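Here are my notebook entries on a structure I have just opened. Please keep the model beside you as you read.

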There are 2 protein chains.
Amino acid sequence: MVCGLSSAVPSYLCSMPEKTYSYQQLFDFTKAVFEKIGCSPEHADTATKALLSADVRGVDSHGVARLSGYVRLWEAKRVNATPVIKIIHETPSTAVVDGDSGLGLVIAPFAMQIAIEKAKQVGTGWVSVQNSNHFGIAAHHAMMALEHDMMGIAMTNASPLVAPTFSIDKMLGTNPICVAAPAGKEPAFVADLATTTAANGKLEILQRKSLDTPTGWVQDAEGNPSTDPHILKKGGALLPLGGDRDHGSHKGYALGAVVDIFSALLSGANYAPWVPPFPAYVPMPAQQPGKGIGHFLGAMRIDAFRPAADFKKDMDHWIQGFRSCRTVPGQEKVLVPGDPEREYEAERMQHGIPLLQTVVDDMTLLGNRLGLVL
Amino acid sequence: MVCGLSSAVPSYLCSMPEKTYSYQQLFDFTKAVFEKIGCSPEHADTATKALLSADVRGVDSHGVARLSGYVRLWEAKRVNATPVIKIIHETPSTAVVDGDSGLGLVIAPFAMQIAIEKAKQVGTGWVSVQNSNHFGIAAHHAMMALEHDMMGIAMTNASPLVAPTFSIDKMLGTNPICVAAPAGKEPAFVADLATTTAANGKLEILQRKSLDTPTGWVQDAEGNPSTDPHILKKGGALLPLGGDRDHGSHKGYALGAVVDIFSALLSGANYAPWVPPFPAYVPMPAQQPGKGIGHFLGAMRIDAFRPAADFKKDMDHWIQGFRSCRTVPGQEKVLVPGDPEREYEAERMQHGIPLLQTVVDDMTLLGNRLGLVL
């Protein structure tokens with residue numbers, strides 16, 4: 001049980017009933033599921049690694065808890081298990097990829113690999129993706145750049161749950177941004193953030209605990225401030241990072257908009273309120289101005305700017321500076337982006353990955369349907 | 001008087017005593033000041049356009065109100081009026097520029113032009129800048145890309161006023177990010193945001209009005225929440241966008257950190273708490289791990305991804321979608337990033353630029369010293 005591991009983990013995330021599985025157990029089951037729906041062994045392997053990276057890094061909302069959701073999208077013919085993923089336009093430093101309605105878990109690593117190859121050639125590579133689906137956590141894709149001494153960038157748009165500042169209507173997804181940068185002796189800097197005050201997964205946790213949300217997370221169907229964690233089911237909306245105008249929500253809104261433009265307007269994917277939903281039971285938007293959902297992947301070779309050794313030495317100095325800050329009352333340490341997830345990874349790779357009983361039940365049912373045992 | 005122009009402008013920004021000047025009046029005076037300190041006519045022209053773009057766009061804290069500050073930096077020999085700005089490393093899509101301690105107002109447009117030229121050649125261009133000074137508003141530089149049917153990106157680090165989540169120590173500047181994207185019939189999308197809940201200029205306004213800040217803007221010298229707009233002078237700090245951990249301040253902190261890494265770690269500029277201060281009376285940091293302050297400029301050719309006409313058509317549709325949102329109680333319209341600044345520009349180019357009496361007094365004193373009349 002990992003709660004209390006990091007002071008960045010709020011206490012309400014703790015003490016849910018759960019069972020623990022090894023990475024290998026979850027890997028074998030998940031890969032078998034992807035193969036059962038028709039994915040090639042190679043695609044199933046890629047998708048499984050991307051999906052499980054969320055469980056390993058403590059982002060429980062984006063890992064195997066969503067596995068049955070991906071299968072339902074395939075059953076609804078919204079996911080193509082055998083996509084022909086291809087570049088449809090390119091320049092020396094850019095490309096647009098058509099994901100052929102495949103799993104984002106497979107398409108995003110494909111696109112990131114192109115970005116890395118272009119960065120090798122001309123210093124940086126930037127790939128916008130159309131016709132994709134949910135790609136898991138952004139960090140998994142951005143971090144692919146690190147082993148090449150590159151910075152990695154990953155973004156995706158998502159179905160509309162977020163109301164812009166002053167709006168009742170939900171126009172944007174939680175639209176995350178990840179930036180990963182290598183360091184030397186210190187672990188890599190990895191910032192992976194939804195452009196909302198809080199993501200949907202945190203609401204689900206509060207629902208289970210019958211707790212209210214803090215202010216600035218959600219509003220109700222009429223656009224009034226709310227602290228009801230069930231409010232999305234009642235027509236409410238998530239709020240952009242900042243919460244309200246006085247606290248900078250116009251900035252969170254602008255950042256979410258930037259992610260939408262990079263991911264979908266540059267690629268020809270659906271954007272704004274017309275992004276297809278993840279739950280297969282939610283009807284597709286009536287209007288579809290583009291194809292599927294959109295991502296944006298980037299890679300920048302460090303030595304396209306300065307020697308990688310110099311950069312990494314400065315990154316170590318930078319990181320150590322933040323780690324040695326004096327802390328505010330009640331806190332033990334100042335974290336560097338990526339610290340909490342890395343602590344989860346060390347813990348879970350050694351002691352296993354705890355899953356909520358509801359997730360175990362969902363996966364067991366899925367296994368029964370497909371003839372697989374968790 | 002422009003207050004009330006936009007519903008995005010809080011009421012406490014209004015009703016200061018002020019005088020109004022035409023753009024041309026301020027242009028002539030400002031250019032003459034830059035020439036008096038030794039800038040070439042060409043550099044003085046570039047710097048003046050960059051500086052005044054802030055006044056025109058309603059970002060009063062970053063325009064001529066800072067003119068005497070730039071002169072004091074020159075007097076303190078921290079600004080070189082005759083810099084030899086040059087590329088010190090490059091690849092087809094990247095460059096590092098050494099600004100030779102010149103005005104950021106001159107160096108950033110130079111670097112952005114390089115980014116644009118590289119984007120013409122290979123699809124995108126990315127320039128990290130060392131050895132620079134304050135560059136004015138990010139939007140001015142990012143928007144240079146628009147006329148080339150490119151997206152523009154501009155960032156800069158700044159001297160440390162911001163405490164990371166859980167930290168007492170001030171480790172980052174307000175580190176703004178701007179992204180500009182062209183549209184078709186609609187005006188361009190221009191998101192320009194400090195990665196803090198509120199920037200320093202807003203505190204100054206509250207000080208003059210003897211008003212408290214909202215929660216989540218600042219903390220005191222011991223790291224406790226505060227609403228005192230004078231708190232920075234008492235050892236306090238600005239807070240990252242989000243304000244506190246429950247409201248996502250770790251995200252604002254991560255974004256400010258990303259700006260620092262792009263601007264300074266990639267270029268070899270000073271970073272984190274070692275960024276030189278803007279006020280010339282504040283001593284330089286004891287440690288200087290790099291050179292000057294750092295910027296990051298980027299340009300992406302739209303047709304390196306898809307035909308610019310298709311992109312612009314979708315941008316128009318996107319923008320119109322946001323403009324037609326239903327509004328929350330008490331608000332008239334949902335804004336698109338760039339709307340308030342464009343409304344200011346239309347108003348001020350026609351009716352003049354209002355300056356606070358304190359700013360007029362400061363500029364008059366500066367003129368007297370240099371033998372110039374405002």
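How many residues of chain B are in contact with chain A? I found 68 residues of chain B in contact with 68 residues of chain A; two residues are in contact if their C-beta atoms, placed from the backbone, lie within 7 Å.

**Ground rules**

I am working with a predicted model, where local features need pLDDT of at least 70, side-chain atom pairs count only at pLDDT 80 or more, and totals for chains, interfaces and linings use all residues. Residues are numbered from 1 along each chain as its sequence is written, while chains are lettered from A and ligands numbered from 1 in the order in which they are written.

**Entry 1: where the chains meet**

I looked up which elements of chain B form the side that touches chain A. Strands E2 (86-91), E3 (94-98), E4 (124-132), E6 (177-181) and E7 (189-193) each supply at least two residues, and so do helices H7 (249-265) and H8 (308-323). Helices (H or I, at least four residues) and strands (E, at least two) are DSSP runs, numbered from the N terminus.

Next I sorted this side of chain B by class, and I got 39 nonpolar, 23 polar and six charged residues. Here Ala, Val, Leu, Ile, Met, Phe, Trp, Tyr, Cys and Pro count as nonpolar, Asp, Glu, Lys and Arg as charged, and the others, Gly among them, as polar.

**Entry 2: how the copies are related**

I then laid chain B on chain A: a turn of 180° and a shift of 0.0 Å along the axis give an RMSD of 0.0 Å. Why do I call this a two-fold axis? Because that turn and shift are the relation of a two-fold axis. The superposition is by least squares on the C-alpha atoms of residues with pLDDT of at least 70 in both copies. In chain B, the C-alpha nearest the axis belongs to B:Gly242, 2.4 Å from it. The same surface serves both copies, as 100% of the contact residues of chain B recur in chain A.

**Entry 3: domains of chain A**

I see domain 1 (11-197 + 239-325 + 330-370) and domain 2 (198-238) in chain A, with bounds from an automatic or database domain assignment. Their C-alpha centres lie 23 Å apart. I count 17 residues of domain 1 of chain A in contact with 19 residues of domain 2 of chain A. On the domain 1 side, nine are nonpolar, six polar and two charged.

**Entry 4: two helices of chain B**

Helix H2 (residues 41-56) and helix H4 (residues 104-122) of chain B pack at an angle of about 95°, their axes 8 Å apart. Axes are lines fitted to C-alpha atoms, for helices over the stretch in contact, and angles run from 0 to 180 degrees between N-to-C directions. H2(B) and H4(B) are therefore roughly perpendicular (65 to 115 degrees). Among the residues making the contact I noted B:His43 and B:Leu51 of H2(B) and B:Pro109 of H4(B).

**Entry 5: single residues**

Is B:Phe166 buried or exposed? I have B:Phe166 down as buried, with 24 C-beta neighbours inside 10 Å. A residue is buried if 20 or more other C-beta atoms lie within 10 Å of its own, exposed if 12 or fewer, and partly exposed in between, with C-beta atoms placed from the backbone. B:Phe166 has a positive phi of about 75° although it is not a glycine.

A:Asp149 also has a positive phi, near 55°, and I find A:Asp149 partly exposed, with 15 other C-beta atoms within 10 Å.

Note on methods. Parallel < 35°, antiparallel > 145°, perpendicular 65-115°, else oblique.
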